[in-house]
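Me: I am new to this structure and would like to know what each term used for it rests on. Please set the values against the definitions.

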Amino acid sequence: MTPETTEDTGGEDCRISRKTLLKAALMAGTVPLLAGGGVALARDAGATGRPPAPTPNCDDGDGPTHDQMEGPYFKPNSPLRTSLVTDSTPGVRLTVSGYVFGRACKPIPGVLLDFWQADTNGAYDMSGFAFRGHQFTDRSGAFGLTTIVPGLYPGRTRHIHVKVQAPGSSVLTTQLYFPDEPRNNTDTLFDPALLMNVRDAGSAKQGTFDFVLDIAQTPTDPPTDPPTDPPGSTTWAAGTLYSAGDRVTYGGVAYRCLQAHSAMAGWEPPNVPALWERG
Ligand SMILES: [Fe+2]
């Protein structure tokens, strides 16, 4: 286990940001928290006793999701997978689910989310890809990760790293935090705006978090009806031999093949513009 020293020295920036104000309000006990301790987004209203909204909604008065430093343990080319565990993986099972929205609170399909985290002992796998994986939001803008609660390591509170990138947009690098962690009070990187809502589910935990990307959207556009597959298209799959002109969908987004190839994991259409174009 190696301390993530460069993350330990990040500290706050000098701006008087919403993050700073929110942290101050949390310390003063003036920010309402959900059961489980997370900062509420509108779609989590169910935790307050009201039924959840039928349509995902990011109208919590917040701006785009805050960014955080990448730290020293990111590795590119993580496997495409939504589960980072097997039946024998040690650790407390955790699911993390939510939506990715743009600024107009419309969910975004086909968003790349690349997660990495420590194992239950607080160690990152730098020789392989344990506890690393990327996925794409589905047609409703939803994602879902199956993993374990990451272990603690010196200098940091409990957290999960993630990069979030909508098609054709810049990368948001950030971290997700757990409520009721003693080290949240001492980790200078901790940002309460990045708290997940976490609840117990038997011996496991269920976390939720919605990302809001700084992407302009037109609120008056007919929203949220998921796109339908173009005629003749199929869902992209590794191992398939594609010919130029073939049409697929991936993460709810339609793509057209530009040159014949045999698809491989890691060559998902959003990753290889030489092979696929949208449309
Ligand atoms: Fe970390």
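Me: How do you know how much confidence the predictor has in the protein chain?
Reply: The mean pLDDT of the protein chain is 80, and 73% of its residues reach 70 or more. Here pLDDT is the predictor's confidence in each residue, from 0 to 100. This is a predicted model, in which local features need pLDDT of at least 70 and side-chain atom pairs count only at pLDDT 80 or more, while totals for chains, interfaces and linings use all residues. Residues are numbered from 1 along each chain as its sequence is written.

Me: Where does the pLDDT stay under 50?
Reply: Residues 8–55 have pLDDT under 50, and the model gives them 70 contacts beyond four places in sequence. Two residues are in contact if their C-beta atoms, placed from the backbone, lie within 7 Å. Residues 222–227 also have pLDDT below 50, with nine contacts in the model beyond near neighbours in sequence.

Me: What share of the contacts in the protein chain with a separation of 6 or more joins residues 24 or more positions apart?
Reply: Such pairs account for 66% of those contacts.

Me: What makes up the secondary structure of the protein chain?
Reply: There are two helices and 15 strands. Helices (H or I, at least four residues) and strands (E, at least two) are DSSP runs, numbered from the N terminus.

Me: Why is strand 3 called mostly covered?
Reply: A residue is buried if 20 or more other C-beta atoms lie within 10 Å of its own, exposed if 12 or fewer, and partly exposed in between, with C-beta atoms placed from the backbone. In strand 3 (residues 132–136), five of five residues are buried. Arg 132, His 134 and Phe 136 are buried on one side, and Gly 133 and Gln 135 on the other. In the protein chain of 279 residues, 35% count as buried.

Me: How do you know that strand 2 and strand 3 pair?
Reply: Two strands pair if DSSP finds at least two bridges between them. Strand 2 (residues 112–116) and strand 3 are joined by five bridges and run antiparallel, which meets the cut-off. Phe 115 stands opposite Gly 133 in strand 3.

Me: What joins strand 2 to strand 5?
Reply: Strand 2 and strand 5 (residues 159–165) are antiparallel, with five bridges. Leu 113 has Val 164 of strand 5 as its bridge partner.

Me: What is the order of the strands in the open sheet with antiparallel pairing?
Reply: Its four strands have the order 3-2-5-6. Strand 3 and strand 6 (171–177) are its edge strands, as each pairs on one side only.

Me: Which strands form the open sheet with mixed pairing?
Reply: Four strands form it, in the order 10-12-13-15. Within it, strand 12 (residues 247–250) and strand 13 (residues 253–257) run antiparallel and share four bridges. Val 248 stands opposite Tyr 255 in strand 13.

Me: What makes a set of residues a nonpolar core?
Reply: A nonpolar core is a set of buried Ala, Val, Leu, Ile, Met, Phe, Trp, Tyr and Cys residues joined through C-beta atoms within 7 Å. The largest one has 46 residues, and Val 100, Val 111, Val 164, Met 196 and Leu 213 have the most contacts inside it. Strand 1 gives the most to this core, with five residues.

Me: Why does this core lie between domain 1 and domain 2?
Reply: Domain 1 (12–212) and domain 2 (234–278) both give residues to the core, so it lies between them. The domain bounds come from an automatic or database domain assignment.
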